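Please read these notes with the model open beside you.

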Amino acid sequence: MADFTQNSNVQNFERYNSDGTKKKEKKSGKGGKKFGVLFCIIAVIAVFLLANCMVVTRQNQFKLIRQFGRVDRVVSVPGLSFKLPFVESVDTVPKELLIYDLPASDVITSDKKTMIVDSYVLWRVTDPLRFAQTLSCSVKSAEGRIDAIVYNATKNTISNMKQDEVIRSRDGKMTITVDETGTELSGNDLDLSEGKEEVIEITSLTEEVMGQINHVEDQYGIELVAVEVKKLDLPDDNKQAVYTRMISERGNIAAQYTAEGKSEAKMIENTTDKEVSIMLSDARAKAEATVAEGEAEYMRILSGAYADPEKTDFYSFVRALDALKESVVGDNKTVILTEDSPITQIFNGRY
């Protein structure tokens with residue numbers, strides 16, 4: 001009986017332990033949670049490694065893959081590529097056209113005139129490897145080099161030109177006055193009545209500057225596409241003096257044109273007066289010749305009439321009437337003639 005009880009206690013104890021089986025099941029649940037956390041950590045690490053392996057290259061970018069600081073390869077085609085995580089790093093270099101606005105600077109022309117030039121540069125990276133080697137992939141460093149290069153080229157170009165040449169060459173076009181043979185007229189040779197204006201193509205200021213900076217691509221791996229001048233002006237303290245001098249020069253040119261115009265007008269007036277005098281003299285001579293011919297014809301006709309006895313009396317009568325008509329003037333129409341007057345005799349039929 002005691003053995004049975006002992007066995008029963010053992011069974012109860014075993015049942016208790018079997019009830020504790022639930023504890024073992026709970027322990028098994030905690031192990032599942034730990035496995036899930038571990039899986040998440042592994043997944044995060046995998047995503048992190050995958051993200052560090054991928055290199056996304058955009059349309060407007062170069063990607064430089066460095067291995068222990070040295071450029072191993074350059075990715076220039078847009079798309080997805082891969083690298084070794086923690087071993088290789090990536091630098092990004094812009095591929096699109098960039099603009100750099102240079103600060104306004106003072107330059108001196110060959111005739112010792114100070115001018116302010118404000119310009120900008122369009123540039124881009126053409127050799128990303130050389131760009132990385134010389135400028136460390138820094139756009140700021142590139143802009144600093146561009147600033148110095150363009151400024152020196154602009155200064156050298158303008159220092160070999162006069163101020164008026166700089167102003168005329170800004171747009172690459174110049175208006176000149178030429179004669180019929182195509183020879184340019186200037187100064188005292190300028191004839192506004194015969195000359196005509198023509199627009200000719202000349203080397204522009206930007207083309208002159210660009211001709212001096214063709215070494216940039218080979219040296220730094222960048223290309224200066226264009227250098228454009230936004231503003232070409234005079235210093236504020238020199239503007240008034242320059243304007244005054246320009247007004248004086250234009251006044252002298254205007255006075256010269258006025259004097260030349262007056263001289264030309266006087267010459268034309270004198271020539272016209274001379275031609276008018278000659279024409280009047282010729283007209284008077286012709287008129288006097290015509291009058292003389294008319295009087296000669298009149299005398300010929302008159303002498304012929306008097307030479308004919310049959311017509312003598314008639315013409316004498318007509319001339320007497322003409323003489324009487326000329327003598328009757330004013331309101332008084334009474335004529336008193338003596339008996340021996342030729343007119344009285346003609347009227348009386350005694351002549």
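1. Accessibility terms come first. A residue is called buried under 20% relative accessible area, exposed over 50%, and partly exposed in between, with a 1.4 Å probe and protein chains only. By that scale I41 is partly exposed, at 44% relative accessibility. I41 sits in helix 2 (residues 21-53). Helices (H or I, at least four residues) and strands (E, at least two) are DSSP runs, numbered from the N terminus.

2. Ground rules. This is a predicted model, where local features need pLDDT of at least 70, side-chain atom pairs count only at pLDDT 80 or more, and totals for chains, interfaces and linings use all residues. Residues are numbered from 1 along each chain as its sequence is written, and side-chain values use heavy atoms, with hydrogens and water left out.

3. Three strands make it, in the order 3-2-5, with antiparallel pairing. Strand 3 and strand 5 are the edges, and each pairs on one side only. From one strand to the next the twist averages 30°. Two strands pair if DSSP finds at least two bridges between them. Strand 2 and strand 5 run antiparallel and are joined by 7 bridges. Look for I65, which stands opposite V90 in strand 5.

4. The helix on the sheet. Helix 3 (residues 128-135) lies across strand 2, strand 3 and strand 5. Its angle to strand 2 is about 60°. Contact here means heavy atoms within 4.5 Å. Axes are lines fitted to C-alpha atoms, for helices over the stretch in contact, and angles run from 0 to 180 degrees between N-to-C directions.

5. Salt bridges. The count is 10, taking a side-chain nitrogen of Lys or Arg within 4 Å of a carboxyl oxygen of Asp or Glu. One of them joins E88 and R73, at 3.2 Å from N to O. E88 is in strand 5 (residues 88-94) and R73 in strand 3, so the pair ties together parts 15 residues apart in sequence. E88 is buried, at 8% relative accessible area. R73 is partly exposed, at 28%. D72 joins R73 and E88 in a network of salt bridges.

6. Two further pairs. K230 and D118 form a salt bridge, with the closest N and O atoms 3.8 Å apart. This links distant parts of the chain: K230 is in strand 11 (residues 222-233) and D118 in strand 8, 112 residues apart. K230 is partly exposed at 40%, whereas D118 is buried at 17%. E297 and R300 also meet in a salt bridge, at 2.1 Å from N to O. Both lie in helix 8 (residues 236-307), 3 residues apart, so about one helical turn separates them. E297 is partly exposed, at 34%.

7. The nonpolar patch. V37, I41, I45, F48, L49 and F86 make a surface patch of about 590 Å². Patch residues have over 30% relative accessible area and no salt bridge; like charges are joined within 9 Å, nonpolar side chains (Val, Leu, Ile, Met, Phe, Trp, Tyr) within 5 Å. Areas come from the Shrake-Rupley method with a 1.4 Å probe; for residues, only the protein chains shown count as cover.

8. Backbone check. Which phi values deserve a look? F68 is not a glycine, yet its phi is positive, about 55°. F68 is in the loop between strand 2 (61-67) and strand 3 (70-75). F68 is exposed, at 69% relative accessibility. K112, also not a glycine, has a positive phi of about 65°. K112 belongs to the loop between strand 7 (105-108) and strand 8 (114-125). K112 is exposed, at 69%.
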